[in-house]
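Have the structure open while you read.

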Amino acid sequence: MSLIDEHKQFKVLGVCGGIGAGKSSACKLLVSEFNCLAHIDADTVAHSVYTPGSQAIKDIVSEFGPKVLQPDSDEIDRKKLGSIVFADRAEMAKLENIVWPHVKTKLRDRIDDVRVEWNQNSHSDTVPIVVLEAAILLDAGWDDILDGIWVVTTPKSTALDRLMTTRGLSQEEAEKRITAQDSRRGIATLDEEVKTGVVTRVIENKGTLDDLKALLGSALKDPKSW
């Protein structure tokens, strides 16, 4: 039976995991190799909520004051805002509580657009699965818009090698970025999230791209992945 026959209902798959785990590669393979409908990158969507004049900008200025705006502009000064939120976890939480709901709204809209396109092309040869990539999807509370959540994992040594090789980071920089995510849901709490059924599949990405492709293919065919 083909994947199209197995997946006849429209679904949204959330993919998360730590930096260097390979979640972006997994998402791209799901579309390019398994013909899933679309890959939505939450980071790209998040950038769009900072559009000048948007409600998100107004909410940020209301919380942090006009000092976070660029001079004579309604654009956010990312350096100024960053100096505030990266220095204090409580301030970062305030920003996340403002931005994440706006991002969720945009994600819903984008998913709905893909759903409409799919309904209009009912004879499409694509697998009706939208792949949503978001490192923070569990922390942000976006699991209620998903039909399944897969976490991509990899050994720390592999993640370090990937970050140093593909992003040109020093070992110290790479370790800092990995450590910064240690408290995220789906990383620190992965075993518990699997036990409770929040995470529906763990993809252990510690080999080649072909190995990853094989793992994804098995996951797609397994009803327990949802």
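**Notes on packing and cores**

1. Gln171 lies in helix α8 (helices are DSSP runs of H or I with at least four residues, strands are E runs of at least two, both numbered from the N terminus). This is a predicted model, where local features need pLDDT of at least 70 and side-chain atom pairs count only at pLDDT 80 or more, while totals for chains, interfaces and linings use all residues. Residues are numbered from 1 along each chain as its sequence is written, and side-chain values use heavy atoms, leaving out hydrogens and water.

2. Setting aside neighbours within four places in sequence, Gln171 is in contact with Leu160 and Met164 (contact means heavy atoms within 4.5 Å).

3. α7 (residues 156-166) and α8 (residues 171-180) pack at about 125°, their axes 9 Å apart (axes are lines fitted to C-alpha atoms, for helices over the stretch in contact, and angles run from 0 to 180 degrees between N-to-C directions). α7 and α8 are therefore oblique to each other (under 35 degrees is roughly parallel, over 145 roughly antiparallel, 65 to 115 roughly perpendicular, the rest oblique). From α7, Lys156, Ala159, Leu160, Leu163 and Met164 meet Gln171, Ala174, Glu175 and Ile178 of α8. By class, the residues of this contact are 6 nonpolar, 1 polar and 2 charged (Ala, Val, Leu, Ile, Met, Phe, Trp, Tyr, Cys and Pro are nonpolar, Asp, Glu, Lys and Arg charged, the others, Gly among them, polar).

4. Now compare α4 and α6. Their axes come within 10 Å and cross at roughly 160°, and that makes α4 roughly antiparallel to α6. The α4 to α6 contact has 6 nonpolar, 2 polar and 4 charged residues.

5. The largest nonpolar core has 45 residues, and Tyr50, Ile60, Phe64, Leu81, Leu107 and Trp142 have the most contacts inside it (a nonpolar core is a set of buried Ala, Val, Leu, Ile, Met, Phe, Trp, Tyr and Cys residues joined through side-chain atoms within 4.5 Å). α6 gives the largest share of this core, 10 residues.

How values were computed. Buried < 20%, exposed > 50% of the residue type's maximum accessible area, 1.4 Å probe, protein only.
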